[in-house]
Amino acid sequence: MEKKCQRLFMLFLFGITMAYAQEKTISGIITDQDAIPLPGVNIIIKGTTTGTQSDFNGNYNISVSSGDVLIFSYIGQLTIERRIGDATIINIQMKNDTAQLEEVIVVGYGTQSKRLLTDNVAKIDAEQIGGIATPSLQSALVAKAPGVQITQVNGKLEGGVKVIIRGLSSVSASQEPLYVIDGIEMNNNNISSITAQLNPLLAINPNDIASIDILKDASAAAIYGAKGTNGVILITTKRGKAGKSTISLDVSTSIGEPANKRDWLNASQYITLLEESALNSGFFADLDESNAWVDDRLQRYEADQNYRSLDTDWQEEAFQTSHVRDVNLSISGGNEKTRSFISSSYNDTEGIVRGNNLERFSVRANIDHKVNDWLNFGLNAAYSSTIIDRLSGDNSFTTPLQAIAQAPTSPTHYLNGDLNDNTLYANFLLQDAHSFRKTKRRRLLGKVFGKIQLSESFLFTSELGYDYLNQTVDRSTGRLAPFQSTNGQTFAADDGTEIISTNNYITFDKAIGESSDLNVVLGATYTRFKNRAISVTGDGFPTDDFKSVSSAATISSGTGAITNWAQLSYFARATYDYKDKYIVKASIRQDGSSRFGSENRFGYFPAASAGWIVSEENFLQDSNTLSTLKLRASWGINGNTPVSNFSSLGLYGGTNYNGESGLEFTQGENKDLKWEETEQINFGLDLGFANNRITAEIDYYTKKTKDLLFNTRVPFEALIPAHRILQNIGNLENKGFEFSLNTTNIQTENLTWKTNFNIATNKNEITNLPNGEDQITDKNILREGEAINSFYLVEYAGVNVDTGDAEYILNTENADGSLNKGITNDYSLAQRIVHGNPNPDILAGLSSTLNYKEIDFSFTFQGQWGAQLYNEAGQYQETGFGNGLDNQDVYIYNNRWQNPGDVTQVPQARLFNDNGHSASSRYLQDADFIRLRNVTIGYSLPEQALERIGMSRVRIYLSGLNLLTITDFRGYDPESSFDDFNNPNISAGSTFYSAPPARVYTLGVNITF
């Protein structure tokens, strides 16, 4: 019996020993999906009450036994389970649970819960634009928000970007939204030294962006008053978080090519078509005489070679493979007192168009410091330097894309490779060899701010913002450059803009009883703008080695101007919600601006909105299907300030009269001049299903703009220069629907798949013009009852099958007021009519992201329908040499009329004869397209590998931009447009040797430690 007890005792001790042998301590660090340490995460052993929490730096440790399962949970994050194996270190990266998170929206001078929002605001997070190699910040937003049209003007690196929110609301004032970065209004004026515009946001590093909120309806934008008509884009940059410091390094390299190339005639086709065109012209007696003329003409451009042995592809000469090198480094972290985010970036881009390069360096520091429980202050500061090798505008003869007009029978160089002989036909290669245009932009953007918690309910915020943008331009044109009439020319310019602004406001936020909440904002803002611009041109240099103005023989011209304006504003906003389901909001802003007339110095911009969260009512609270049902309605008035600082004033300028200085009257006075005013009404419906895994937003809006700014005619007797004065006369209207659908298709521990689809319609119509008169600018017209910038063209009828003549529809007015639809081959007899417009009726976007374990995949499609684009170069490229000897589109060669009975839209080729080359709807095409905007696939190293190398995150990714475009448009791209307009607002929708966007492939790595 004793031995038996001993054996049982030994077995008991063995069991206890084995149990203790199987217990061990597990430790690790817990981070959020951005790799930021996450304190306060609950860790519990499944099936027990044993657990712990992560500390301030996200660290944890817990004693477990093999086979146990740890449960990691945190509010707003997906719960994660991990079974215990051999590892003793288990690092966890949590993922957001979109069904639980209360999304916060940035609004003017504050934030608001998405759930209680009564306005139309589109929010785009950093993860939606991260990893996309785009040429600009705006381009990263393409197809992400309904009703927001973002168009890169063309494929030049510095090219302007057009952002239109809910249709065009102005004719001659700004059509661009207001940009606000971290609460400070940005200067987005175009200060390009040539008519081709520069993107004003080139200085912003997309990797610094935490979120972008787009205020689309009047109620949301009214807090910005006279600057809110075109919508407001609020940019919030990243900030440090308390906890362990995090270092992030993003490195990528890209190569690119034109997203599309066109087919042009080769040398053989060119000679064939030219000989045929010469014979058809009627200028020559027979074939021999016409061919002799062709031979003589082409010999002019062969230099020291035989044109019949040449076959130059000028398109290939103009384009090149682009290369991009991009490096971003950031450090963030802090403690309970001080938090910081510091970043720097470097980008070196060689564009797809020869001679177009960009180099950018930027640095940012965002610092937050908590002095005590009632005082916080901070600093945002960003500096960037951008150097651009610019190209001249699309209308310049020596811009690279105009090289496609060159005959393929002309050489690029002499046989010895020399370009130093002016007997070569003028082309961009000569310009590139003997000239340069370098633009350097430096931008300092920042603010200092303080926040004083006056009491539990009152918070005072004070911000001082500073935005300095300096641009220098140096252009040198050597004596051997095309069209250079002097011994070289140098141009130098310096343009500096300084904006100082202050925001001071008090926020009252208090729960009233158990059912009500009230938020009130009262404040004032002051903005002062100063600009100084000078330029000088010098002619005549000893040699081309001298490039500074000081070496010029003659100072041929110079300009100088100093301008400024100021604006003082007061604003108020109140938001009240009852039982978290009935919400009302009202706001008003008063703007006083020096740019308004003396009789209309101040403007008032009120707004109101309301919302009802129906799903919180008792009859829907227990619904298993419907998670959210909210009704929204808003009304408000926004303004749009005149572009010119002195539009209301009578102005005089200095002049030279017979060698003597004097004054001349340059502008008439209008004391009543004021802002354009847009009244907008919005009705919205928010839906959520299956615990908000499926959400939708549906909106209908009307925007009515009155007091449009027009340069209107005045009587000759008024003695006003140009007999025109800027006045507030004219109305237009936009209306449309917007629909957005977000779905979480799958969400498990290992697999997440989300999709966003959005679509929007817009109908634009001018409802009133000065005296009801049409305003015609070249091929565009403003007419009552028509869309803004509608095309005004002779209507092309096609080709006469018997004669090959181009024919047109008369469209003359009959006695009963109808239009005569007869046909004529005499262009001068046909009348112009409204024929389409450049404004799309429908915009759409589809984005999807899929994450499976360590693999992530995403793509975005964009689409546009209903717009037209006019090919200004068609009169040269598609006429069969009727309007010069420019190379022709192969489409013309393959489809031209040659014999009676031919059915085609391309008339007979006739040298120097107008057989279809005059402006007509022949050169107007639908600009509908569907584009695969971007695709990204990434792989993140698993936790075990990260533990071995001491990293928090390592992700390798491959992405593509502009990979596929489906369109019937025959030009380079249905979005690329002419960049050389003096007034792009009213000369819109045309393309003219405009470069397509780049198709870019990027390989990159994201490292966090």
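**Exercise 1: a helix and its surroundings**

In this predicted model, Asn266 caps the N-terminal end of α4, with a side-chain oxygen 3.2 Å from the backbone nitrogen of Ser268.

Task: Find out how many residues of α4 are buried, and what covers them.

Solution: 
1. Start with the extent of the helix: α4 covers residues 267–280, which makes 14 residues. From first C-alpha to last it reaches 20 Å, close to the 20 Å expected.
2. Next, look for residues under 20% relative accessible area, the cut-off for buried. Among them are Tyr270, Ile271, Leu273 and Leu274.
3. The count is 10 of the 14 residues, so α4 is largely enclosed by the rest of the structure.
4. The cover over these buried residues includes α5 (287–299) and α10 (890–895).
5. Finally, step past the helix: Gly282 follows α4 and has a positive phi, near 85 degrees.

**Exercise 2: pairs of rings**

Task: Decide whether the rings of Phe529 and Trp565 are stacked or edge-to-face.

Solution: 
1. A search of the whole structure gives 23 aromatic pairs.
2. In this pair, the ring centres of Phe529 and Trp565 are 5.5 Å apart and the planes meet at 10 degrees. Planes under 30 degrees apart count as stacked, so this pair is stacked.
3. Now place the partners: Phe529 belongs to strand β25 and Trp565 to strand β26, 36 residues apart, so the pair links distant parts of the chain.
4. Check accessibility: Phe529 is buried at 5%, and Trp565 is buried at 7%.

Key
Residues numbered from 1 in each chain as written. Predicted model: local features only at pLDDT ≥ 70, side-chain atom pairs only at ≥ 80, totals over all residues. Heavy atoms only, no water. Helix = DSSP H or I, 4+ residues; strand = E, 2+ residues; numbered from the N terminus. Expected span 1.5 Å × (residues − 1). Buried < 20%, exposed > 50% of the residue type's maximum accessible area, 1.4 Å probe, protein only. Contact = heavy atoms within 4.5 Å. Polar contact = N/O pair within 3.5 Å; in protein donor to acceptor, adjacent residues only side chain to side chain. Phe/Tyr/Trp six-rings, centres within 6.5 Å; stacked < 30°, edge-to-face > 60°.
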